[in-house]
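Please examine the sequence and the three-dimensional model shown below.

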Amino acid sequence: MRSEILRTDGVVKSFGGVKALKGVSIRVKEGSITMMIGPNGSGKTTLINVISGLYKPDDGKVFFNDKEITGLPPHEIYKLGLVRTFQIPQPFMKLTVLENLLVAYPDNPGEKFFGALRRGKWRKVEEKVVEKAFKILKLLKLDHLWDQQSYKLSGGQMKLLEVGRALMSDARLIMMDEPAAGVNPVLAHEIFRRFRELKDKLGVTFFLVEHRLEIALRYTDYVYAMANGVVVAEGVPETVMVNPQVIEAYLGG
Amino acid sequence: MIPLALTFIIDLLALLGIFIIISLSLNIEFGYAGIPNFGKLLAVAGGAFFIGAVPGRVLAYIYGLLKKYDYIDNNVEVMYALGKILGTNPFMSMAMLVVSLILAAAVGAILGFIASYPAIRLREDYLAITLLAMAEILRTIGYNYKDLIGGTVGISVPDPFRWIGGELRLALAASVIMAVAIIIFIYVELLSRSPIGRTLRAMRDNEVVAEAYGKDIVKLRMKTLMIGSAIGAIGGALYAFLSGSVTALGYDRVVYTFWPWVMVVIGGAANNFGVLLGATLFVTLRKLIIFYKSNLQPFLPFDVVWLEYLLLGTALLIVLIYRPEGIIPEKPTHTLGKKRLEKIKELVEAKEV
């Protein structure tokens, strides 16, 4: 059995009087595609924000690769190999599509105030990064837009850019907040197929929050269902989808 | 004998160089990194005050003048003696200039480090107010603490350009200032065409996302303010050497904070050529108004000094209404050059189908 790459133990987070997470414990196995489902307001995005370091939990712990990362700043968590995307696309608006991807590459040697002057030192890395970025853009069919400033993109294209940016880092775990929302079904399937491919090829683990179950489920290994800040069900997709609590959370309540 | 028109141009170039340096430093901070530095004066005055306080004292100490005179109270005598020494010693003069500029930059960096404390914790408008206040504090200290730069009276500065003699002094000063301005322009331009320039712009566009993608915002802001302030301090130091004296009241927020802002906004933030244009337009217009002051006065129902404020204010409004991104707006800067990028793109496209 493969080991867990991500584990949360009883994570609690409130905003004022609202308890968004009431003790959430999940486990994500390395090399899996694990999905979190749940109705709006069930706390999925809050959980991602806590794991990625944007929020500090009130209680509970987060482990990544058996190392506790509770409360670490986001940039440190990123450098450990855990990357996340945002539900509402947030590209760097004035940067070009290509630049948006290039920025996401960690530890570029040209990213220093004096190191920047020694072009010879960072040029090689930069060329490699650019090549990688173009490969990703090609995959996402954004390559023709590479030199466009990203505020000119459509909503769907921004979504793809968000995905592309996450693929730039050599992350071990990619958390995606609704990667397929607002993307046409054909492309959505392609994105998920690509996730599986990446998982098989590079051993990257995916932790996804997704609403479009009809598309996402068939690519998923394991599912957690959340409602009102707690995990109500977990298991392989087939069993979770017939779980009465899940059905009630989605249709009733 | 240098003709008047040439003197005008040399004078203009000297001042222009200084404002190019200061507005470029603001461009790094505001244009690229998005830090609203309304305390640009802090660094500029820091550099100038350093020149007022330190190089003269060190030289006076080296030449044994401090045994006879008090540096502040007998400043005139000290400067007279130093002027004689430096006036015949080009090497010492230039060595003092270079060392002083380097140390002024270091002082600027320290001030930038101090300024970065609120910059890390505060957002936009609060940060702008805090930086503005910090600059005022430094000025007030300079004005009231007599031992630093002579308080209300001000202090003279040893002249590194005197040795060349007479009318050529201004020409030498202008050349040195322009040379420094060019070096700084090249540095800032290289910065903007490198991965760090891209990262700063990303931070400016979206701080939360930049942090989520591994950028240490705290460190980046700190370093940006340190570099920006070091450059700003070089500008202030050069101005102190050019004018030959430092008076705390001479360093006010209008000239050294708001004008550079106008230059950056008019020219185009995050575009160094735009900033160059903004500074040139601004400084030239001002100089012309001052130069033709007496010719203009009969036609104006108010004092001519207000004309520059009116004209520059109008220019700023026009630019903000019709070209809110400045005369030369921000452009994508390709680290490897567009051709090389296109070539890499083609190679990638050709590989797998």
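Helices (H or I, at least four residues) and strands (E, at least two) are DSSP runs, numbered from the N terminus. This is a predicted model, in which local features need pLDDT of at least 70 and side-chain atom pairs count only at pLDDT 80 or more, while totals for chains, interfaces and linings use all residues. Residues are numbered from 1 along each chain as its sequence is written, chains are lettered from A and ligands numbered from 1 in the order in which they are written, and side-chain values use heavy atoms, with hydrogens and water left out.

A:Phe192 and A:Phe195 both belong to helix 6 of chain A and stand 3 residues apart, about one turn of the helix. Rings of Phe, Tyr and Trp (its six-membered ring) pair if their centres lie within 6.5 Å; planes under 30 degrees apart count as stacked, over 60 as edge-to-face and the rest as tilted. By this rule there are 23 aromatic pairs over all chains. A:Phe192 and A:Phe195 form one that is edge-to-face, with 5.7 Å from centre to centre and 85° between the planes.

Charged side chains come next. Side chains of opposite charge can pair when their charged atoms come close. A salt bridge is a side-chain nitrogen of Lys or Arg within 4 Å of a carboxyl oxygen of Asp or Glu. Over all chains, the whole structure holds 30 salt bridges. One of them joins A:Arg27 to A:Asp9, with the closest N and O atoms 3.3 Å apart. This pair links distant parts of the chain, since A:Arg27 lies in strand 2 (residues 18-29) and A:Asp9 in strand 1 (residues 4-15) of chain A, 18 residues apart.

How is chain A divided into domains? The assignment, which is automatic or taken from a database, gives domain 1 (4-91 + 154-249) and domain 2 (93-152). The centres of the two domains of chain A, taken over C-alpha atoms, are 26 Å apart. Their contact (heavy atoms within 4.5 Å) takes 17 residues from domain 1 and 21 residues from domain 2 of chain A. Buried area is the accessible area (1.4 Å probe) that two parts lose on being put together, summed over both. Between domain 1 and domain 2 of chain A it is about 1700 Å², 68% of it on carbon and sulfur atoms. On the side of domain 1 of chain A, A:Pro91, A:Leu161 and A:Met168 lose the most area to domain 2, together 35% of what that side buries. Between these domains the count is 1 salt bridge. The side chains of A:Glu190 and A:Lys141 meet in a salt bridge at 3.1 Å, N to O. Helix 2 (74-79), helix 5 (155-168) and helix 6 (185-202) of chain A each supply at least two residues of the side of domain 1 that touches domain 2. Helix 5 of chain A gives the largest share of that side, 9 residues.

The last stage is the interface between chains. Here the contact takes 47 residues from chain A and 46 residues from chain B. Chain A and chain B bury about 4300 Å² between them, 64% of it on carbon and sulfur atoms. The count between chain A and chain B is 7 salt bridges. A:Asp147 forms a salt bridge with B:Lys338, and their closest N and O atoms are 3.1 Å apart.
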